[in-house]
Amino acid sequence: MLEGFCAGWSNPLTSAELYQVLSNSYKIALAKDKGKIVGFVHAISDKVKFAFIPMLEVLPEYQNIGIGKKLMENLLEQLKDIDNIDLICDKELQPYYEKLGMIKYTGMVIRK
Ligand SMILES: CC(C)(COP(=O)(O)OP(=O)(O)OC[C@H]1O[C@@H](n2cnc3c(N)ncnc32)[C@H](O)[C@@H]1OP(=O)(O)O)[C@@H](O)C(=O)NCCC(=O)NCCS
């Protein structure tokens, strides 16, 4: 049910890895069409003060019809008691997340 994600990644997750990632997450939201997962978002958290949203993905043929927005709204509602919610995205996606109530911020990462 988790085929076709991570399109264009140099090192894409396998569907088994994606299943593990979602299973081990604190909260997830899934979009389904005819029994197949067409979009997902997930959050990891200390369950007290901090949460991080690592991935939001909608299958290419299901993009631009509001699924990503609905997934984020659903996840943010599930995280409503967490004060600090972080997400890393490309600059061109910042206006997308601003529409969901997020603000621009500066951070640091390690990428292996
Ligand atoms: C980004 C993504 C999750 C959006 O999901 P979606 O269901 O297509 O989005 P929605 O239908 O809710 O919203 C569409 C809006 O997002 C904008 N958008 C989509 N992809 C975008 C991109 N790469 N850069 C900038 N804006 C983008 C569209 O222009 C549209 O804008 P509008 O509301 O002003 O018309 C989806 O395009 C996707 O899976 N992309 C590949 C993975 C990715 O980049 N994930 C984000 C990681 S931070």
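The structure is a predicted model, in which local features need pLDDT of at least 70 and side-chain atom pairs count only at pLDDT 80 or more, while totals for chains, interfaces and linings use all residues. Residues are numbered from 1 along each chain as its sequence is written, and side-chain values use heavy atoms, with hydrogens and water left out. Helices (DSSP runs of H or I, at least four residues) and strands (DSSP runs of E, at least two) are numbered from the N terminus.

**Ligand site**

- The ligand sits in the largest pocket, where sitting in a pocket requires that more than half of the atoms of the molecule lie within 2 Å of the grid points of that pocket.
- A pocket is here an open set of points, on a 1 Å grid over the protein atoms alone, where a 1.4 Å probe fits, with protein on both sides within 12 Å along at least five of seven lines.
- There are 17 residues around the ligand, and those that come nearest are Val-58, Asn-64, Gly-66, Gly-68 and Lys-99; a residue is near a molecule if one of its heavy atoms lies within 4 Å of it.
- By residue class, the shell around the ligand consists of nine nonpolar, four polar and four charged residues, with Ala, Val, Leu, Ile, Met, Phe, Trp, Tyr, Cys and Pro counted as nonpolar, Asp, Glu, Lys and Arg as charged, and the others, Gly among them, as polar.
- At least two residues of this shell are supplied by each of β4 (56–58), α2 (67–78) and α3 (94–98).

**Backbone contacts to the ligand**

- A polar contact is a pair of N or O atoms within 3.5 Å; within protein, one must be able to donate a hydrogen and the other to accept it, and residues adjacent in sequence count only if both atoms are side-chain atoms.
- A polar backbone atom of Val-58 is 2.8 Å from an oxygen atom of the ligand.
- For Gly-68, a backbone N or O atom lies 2.7 Å from an oxygen atom of the ligand, and for Lys-69 the corresponding separation between a backbone N or O atom and a ligand oxygen is 2.8 Å.
- The ligand taken alone exposes 880 Å², of which the protein buries 63%; accessible areas come from the Shrake-Rupley method with a 1.4 Å probe.

**Positive phi angles**

- Most residues other than glycine have a negative phi.
- Cys-6, although not a glycine, has a positive phi of about 65°; Cys-6 lies in the segment before α1 (15–23) and is buried, with a relative accessible area of 3%.
- Buried means under 20% relative accessible area, exposed over 50%, and partly exposed in between (1.4 Å probe, protein chains only).
- Lys-34 is a residue other than glycine with a positive phi, near 50°; Lys-34 is found in the loop between β1 (27–33) and β2 (36–45) and is exposed, with a relative accessible area of 78%.

**Residues in and around helix α1**

- Ala-7 lies in the segment before α1 and counts as exposed at 55% relative accessibility; the C-alpha atoms of Ala-7 and Glu-57 are separated by 9.5 Å, although these residues are 50 residues apart along the chain.
- Glu-17 has its place in helix α1 and is partly exposed, with a relative accessible area of 42%.
- A polar atom of the Glu-17 side chain lies 2.9 Å from the backbone nitrogen of Thr-14, whereas Glu-17 and Lys-36, 19 residues apart in sequence, are 17 Å apart from C-alpha to C-alpha.
- Ser-25 is found in the loop between α1 and β1 and counts as buried at 14% relative accessibility; a polar atom of the Ser-25 side chain lies 2.7 Å from the backbone oxygen of Val-21.

**Residues in strands**

- Val-38 lies in strand β2 and is buried, with a relative accessible area of 2%; Val-38 and Leu-76 are 38 residues apart in sequence and 19 Å apart in space, C-alpha to C-alpha.
- Asn-84 lies in strand β5 (residues 84–87) and is partly exposed, with a relative accessible area of 30%; Asn-84 and Phe-50 are 34 residues apart in sequence, and their C-alpha atoms are 4.9 Å apart in space.

Technical notes: On a 1 Å grid over the protein atoms alone, a cavity is a set of points where a 1.4 Å probe fits but cannot get out, and a pocket is an open set with protein on both sides within 12 Å along at least five of seven lines; lining residues have an atom within 4 Å of a point.
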